[in-house]
Amino acid sequence: MKKLTSSAKFGKYLNQFFTYLFLIILSVVIIYPLLITVSSAFKAGNVTAFALDLNAKWTLDNFTRLFNETPYLTWYKNTMIVATITMVAQVFLITIAGYAYSRYNFIGRKKSLLFFLIVQMVPTMAALTAFFVMALLLGAINKFWFLALIYIGGGIPMNTWLMKGYFDTVPYDLDESAKLDGAGHLRIFWQIVLPLVRPMIAVQALWAFMGPFGDFMLSKFLLRDEKMYTVAVGLQTFISDTRNQKVALFAAGAILIALPISVLFFMLQKNFVSGLIKGGTKG
């Protein structure tokens, strides 16, 4: 018995050791590039390469140059417009679709879900040419609505599956109880079921908002006018010329991308837990 106990303790300690080791390595992988970016953004002088130098003189001049010498604020506004439209429309559509697939049986339900999976297997890169030709036919080059439409459509298949799965975890008995009390379909959805899935809605909103900030290829294909660039495309112009790379401006602009995403995260963070608590209380 003592040998078994000591063996179990050793296995437990070994498991904890490798768990903490993995977390430490993961933290280094994430934090180290972030430190390099922050160091390059606040570093004074002409920065020609990304390097971690915490002893260098720090200044806000790079941010001043970013706002005064480049159209960064215009790119930022463009991205905010696309990201907001994408987030609102995509969350609305996948929430309605996920609820419909979870609660109702209709013709083509299983086949359409299977179609969603098949569509999701096709990478966005494979459809770039098709998107560009479609934009030419519709006169949608340099149009935010077309770019947002592609983001929304691209996020519907897999996210609908995720929302359906989350709706499936809500007991159908709640719907039946509400119907006995005289509640209609809209009231059941809005007051009974929706509060229970608020955590997933918050996650979907954050994902949808983050997409346009990080996407480069699709935006580069469809936005050709410099004044219409998103931040990802605009920042790439700072380092595309190997003879004149604006590393400090690139780093400063990259840091500012995190601000609206962080604000949205903290705004939605309470919904991750409170959605379950409030929804469970109402049920």
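So, the largest pocket: its volume comes out at about 620 Å³. By pocket I mean an open set of points on a 1 Å grid over the protein atoms alone, where a 1.4 Å probe fits, with protein on both sides within 12 Å along at least five of seven lines. Points are joined across faces, edges and corners, and the volume is the space filled by probe spheres set on them. Rolling a probe the size of a water molecule over the atoms shows where empty space is left.

Before I go on, this is a predicted model, so to speak of local features we need pLDDT of at least 70, and side-chain atom pairs count only at pLDDT 80 or more, while totals for chains, interfaces and linings use all residues. Residues are numbered from 1 along each chain as its sequence is written, and side-chain values use heavy atoms, with hydrogens and water left out.

Back to that pocket. By class we get 15 nonpolar, nine polar and one charged. Here Ala, Val, Leu, Ile, Met, Phe, Trp, Tyr, Cys and Pro are nonpolar, Asp, Glu, Lys and Arg are charged, and the others, Gly among them, are polar.

The second largest pocket is about 190 Å³. Its lining includes Phe-92, Phe-189, Trp-190 and Arg-198. Helix 3 gives the largest share, four residues, and the classes are seven nonpolar, one polar and one charged.

Now the overall fold. There are twelve helices and zero strands, taken as DSSP runs numbered from the N terminus: H or I of at least four residues for helices, E of at least two for strands. Of the 283 residues, 38% count as buried, which is under 20% relative accessible area with a 1.4 Å probe and protein chains only; exposed is over 50%, and partly exposed is in between.

What about the core? The largest nonpolar core has 60 residues, and Tyr-72 and Leu-218 have the most contacts inside it. Helix 3 gives the most to this core, nine residues. A core here is a set of buried Ala, Val, Leu, Ile, Met, Phe, Trp, Tyr and Cys residues joined through side-chain atoms within 4.5 Å. Leaving aside neighbours within four places in sequence, Tyr-72 is in contact (heavy atoms within 4.5 Å) with residues including Phe-67, Val-231 and Ile-257.

Last topic, the aromatics: 17 pairs. Rings of Phe, Tyr and Trp (its six-membered ring) pair if their centres lie within 6.5 Å; planes under 30 degrees apart are stacked, over 60 edge-to-face, the rest tilted. Tyr-99 and Tyr-104 have centres 5.9 Å apart and planes at 80°, so they are edge-to-face. Tyr-99 is buried at 8%, whereas Tyr-104 is partly exposed at 31%.

Phe-209 and Phe-213 make a tilted pair, 5.3 Å centre to centre with 45° between the planes. They sit four residues apart in helix 9, so about one helical turn separates them. Phe-209 is buried at 5%, and Phe-213 is buried at 4%.

Terms used:
1 Å grid on protein atoms, 1.4 Å probe; cavity = no way out; pocket = protein on both sides within 12 Å on 5 of 7 lines; lining within 4 Å.
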